[in-house]
Amino acid sequence: MTRTTLDLTGLKCPLPALKTRKALKPLRPGDQLEVHCTDPLSVIDIPNLIRETGDTVEITERNDARIVFLIEKANGSIGDANAALRS
């Protein structure tokens with residue numbers, strides 16, 4: 001299990017969610033992604049993204065200066081499951 005930190009401070013919607021999605025792709029199941037954001041909309045966007053991917057997320061820090069998410073990569077994604085069903 002590895003932990004990667006992604007610093008997205010200063011970026012505005014939709015960039016934090018888009019860059020988080022891109023950073024999750026190469027991770028292996030069990031790996032963690034720690035995402036640092038300053039955009040207040042990320043508390044909506046990133047959990048919605050993680051709901052789509054099937055991974056897990058928790059907000060580990062939230063104050064006036066920043067929001068920190070800890071995301072754990074799941075064994076597979078909903079997109080992978082949907083693709084398998086179509087095959």
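This is a predicted model: local features need pLDDT of at least 70, side-chain atom pairs count only at pLDDT 80 or more; totals for chains, interfaces and linings use all residues.
Residues are numbered from 1 along each chain as its sequence is written, and side-chain values use heavy atoms, with hydrogens and water left out.

**Whole chain**

Switch to cartoon. The chain has three helices and four strands. From the N terminus, the elements read β-α-β-α-β-β-α. Helices (H or I, at least four residues) and strands (E, at least two) are DSSP runs, numbered from the N terminus. Of the 87 residues, 36% count as buried. Buried means under 20% relative accessible area, exposed over 50%, and partly exposed in between, with a 1.4 Å probe and protein chains only. Contact means heavy atoms within 4.5 Å. Among contacts between residues at least 6 apart in sequence, 66% join residues at least 24 apart.

**The sheet**

Select the four strands. They form an open, mixed sheet in the order E1-E2-E4-E3. Its edges are E1 (3-8) and E3 (56-62), each pairing on one side only. The twist from one strand to the next averages 20 degrees. Two strands pair if DSSP finds at least two bridges between them.

Now zoom in on E3 and E4 (residues 67-72). These strands run antiparallel and are joined by six bridges. A hairpin of four residues connects E3 to E4. Pick out two of the bridge pairs. Val-57 is partnered by Ile-71 in E4. Glu-58 is partnered by Leu-70, also in E4.

**Two helices on the sheet**

Select H2 (residues 42-53). This helix packs on the sheet and touches E2, E3 and E4; its direction makes about 5 degrees with that of E4. Axes are lines fitted to C-alpha atoms, for helices over the stretch in contact, and angles run from 0 to 180 degrees between N-to-C directions.

H1 and H2 pack at about 35 degrees, with their axes 9 Å apart. Show side chains at the contact. From H1 come Pro-16, Ala-17, Thr-20, Arg-21 and Leu-24; they meet Asp-45, Ile-46, Leu-49, Ile-50, Glu-52 and Thr-53 of H2. These residues divide into six nonpolar, two polar and three charged. Ala, Val, Leu, Ile, Met, Phe, Trp, Tyr, Cys and Pro count as nonpolar; Asp, Glu, Lys and Arg as charged; the others, Gly among them, as polar.

Go to Pro-14, in the loop between E1 and H1. The peptide bond from Cys-13 to Pro-14 is cis, with omega near 10 degrees. Most peptide bonds are trans.

**Last stop: Glu-34**

Select Glu-34, in strand E2. Is Glu-34 buried or exposed? Glu-34 is buried, with a relative accessible area of 17%. Which residues is Glu-34 in contact with, leaving aside its neighbours within four places in sequence? They are Arg-3, Thr-4, Thr-5, Leu-6, Val-68, Phe-69 and Leu-70. Finish by marking the C-alpha atoms of Glu-34 and Thr-4. They lie 6.0 Å apart in space and 30 residues apart in sequence.
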